[in-house]
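Please read them with the structure open.

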Amino acid sequence: MNKSNTSFNCRVCVSEKIEEFKIVHFGFLTKNENWKSFFCFDCGSVSEFKIKENEITYADGAYRDNKNHFNTKSDDKKILPPIDFWSAISFKRWAHIWKVLNKSTNIFSNKELKMLDYGGYNGFLPYAFSQKHKINSFVADLDQKGLNMAQFLGSKTIDLSKNEIDEKNFDLITIVHVLEHLDKPLENLIKLKDHLSDEGVLYAEVPNLYGFPLADEAHKIAFTEFSFAKMFQSAGYEILDYGFTKTPKESIKFDYYYNHESENLFIICGKKRKNPSLNFPKNKIPNSINNFTYELKIKYANLMLKKISFTLFKSSLRYFRTFALFFIYGLVDFISLKIFKISLVSKFLRKK
Ligand SMILES: [Zn+2]
């Protein structure tokens with residue numbers, strides 16, 4: 001923490017007390033040589049800057065096209081379904097959001113809820129909520145394909161590549177896995193406050209620095225509990241609740257196995273509401289860059305050992321059980337059909 005970097009600041013708290021680091025990890029991949037990564041000694045977050053090649057764009061759909069979940073070849077790359085399996089996984093995040101909002105707020109006692117899903121892409125979250133409650137929903141995003149889907153599902157849309165948000169007095173603003181993509185999220189949060197009603201609440205969710213790989217090319221920030229809460233406080237919000245959450249467990253079926261209890265951070269804020277019993281997250285910022293990278297690697301080791309390997313082992317057992325069933329059934333039937341010309345397995349099962 002000896003040298004301050006003149007050309008870069010912390011993306012979260014704008015501090016100059018940042019220091020560059022580079023780590024290599026094969027379980028939790030990190031950014032390539034096109035990026036500079038900094039740790040902030042004021043808030044404890046990580047800010048990353050792409051210094052070579054272009055940044056990912058959203059308005060032209062390039063971000064989603066690059067995801068390539070279907071492993072398509074270049075010929076049929078243009079022909080993609082309107083959703084992919086990751087849409088189904090991220091759709092299921094609604095259940096946790098619904099649960100914690102019900103626990104920490106009374107917004108669903110409103111007859112109709114005016115909701116803004118900021119960076120809401122395909123509008124799946126308001127679509128889920130609309131089946132639980134009367135919702136007047138708006139989706140703001142840069143991706144035209146996503147907005148078309150959101151409109152189809154019943155939301156009004158705001159194309160952020162062309163327009164500002166005019167609507168005010170939202171009872172609920174959701175920002176789910178969006179803030180880590182932004183250059184200066186504090187500025188977006190300050191602006192959004194004008195669109196929240198006095199009694200309204202905001203729900204935000206991001207990956208946790210100590211629980212998620214840094215490699216994602218679209219992520220510019222990795223937050224901690226403290227830096228996340230501090231950013232909302234600096235933007236003038238009252239914090240009502242915060243905690244950890246994880247990606248739905250079905251993601252293992254699509255080879256995503258980083259889900260564990262502290263994978264993501266969530267926060268619920270308001271403008272005027274207060275929660276007097278809430279303690280602010282502890283400020284546990286490592287005091288040197290070596291301590292930080294040590295802390296990060298020890299967390300990774302813990303997660304690999306206690307969470308990820310366990311998830312993979314459980315899922316391998318499931319496959320092994322199915323393998324054993326098919327193999328033994330096939331073997332017994334093959335032998336009995338060859339010798340007796342009947343399936344002993346089905347004969348035995350019918351008698352029972
Ligand atoms: Zn900072």
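Which residues does N264 touch, not counting residues up to four places away in sequence?

1. The model is a predicted one. In it, N264 touches R93, H177, E205, V206, P207, N208, G243, F244, T245, K246 and T247, leaving aside residues up to four places away in sequence. N264 itself is placed in strand β11. Its relative accessible area is 1%, so N264 is buried.

2. The zinc site is built from cysteines. The protein donors of the zinc ion are the SG atoms of C10, C13, C40 and C43, at 2.2 to 2.3 Å from the ion. The angles subtended by the four donor atoms run from 105 to 114 degrees, and the arrangement is therefore tetrahedral. Along the sequence, the donor residues follow the spacing C-x2-C-x26-C-x2-C.

3. C13 and C43 link distant parts of the chain, being 30 residues apart. C13 belongs to the segment before β1 (18-21), whereas C43 is in the loop between β2 (35-40) and β3 (46-50). Their accessibility is as follows: C13 has 25% relative accessibility and so counts as partly exposed, while C43, at 1%, counts as buried.

4. On disulfides, the count for the structure is zero. C269 is in no disulfide, and the nearest cysteine sulfur, which belongs to C43, is 16 Å away. Because its relative accessible area is 0%, C269 is classed as buried.

5. Turning to the aromatic residues, a search of the whole structure gives 25 aromatic pairs. One of them joins Y203 and F266: the ring centres are 5.9 Å apart and the planes meet at 10 degrees, so this pair is stacked. Y203 is in strand β8 (residues 196-207) and F266 in strand β11 (residues 264-270), so the pair ties together parts of the chain 63 residues apart in sequence. Y203 and F266 are both buried. Strand β11 is also where N264 is placed.

6. A second pair is formed by F320 and F323. Here the ring centres lie 5.5 Å apart with the planes at 45 degrees, so the pair is tilted. Both residues belong to helix α8 (residues 289-340), three residues apart, or about one turn of the helix. F320 has 53% relative accessibility and therefore counts as exposed; F323, at 45%, counts as partly exposed.

7. The residues that form it are F28, W86, Y256, Y257, Y258 and Y300.

8. Two lysines are placed over aromatic rings. The charged end of K156 sits over the ring of F138, at 5.1 Å from the centre of that ring. K299 lies over the face of Y210, and the distance to the ring centre is 4.7 Å.

9. To sum up the cysteines: C10, C13, C40 and C43 supply the protein donors of the zinc ion, and the structure has zero disulfides. For the aromatic pairs, Y203 and F266 are stacked, whereas F320 and F323 are tilted.

Methods. Residues numbered from 1 in each chain as written. Predicted model: local features only at pLDDT ≥ 70, side-chain atom pairs only at ≥ 80, totals over all residues. Heavy atoms only, no water. Disulfide = S-S within 2.5 Å. Buried < 20%, exposed > 50% of the residue type's maximum accessible area, 1.4 Å probe, protein only. Phe/Tyr/Trp six-rings, centres within 6.5 Å; stacked < 30°, edge-to-face > 60°. Helix = DSSP H or I, 4+ residues; strand = E, 2+ residues; numbered from the N terminus. Lys NZ or Arg CZ within 6 Å of the ring centre and 35° of its normal. Donors = N, O, S within 2.8 Å, 3.2 Å for Na, K, Ca; no water. Tetrahedral: all angles 85-135°; square planar, octahedral: opposite > 155°, others 65-115°. Contact = heavy atoms within 4.5 Å.
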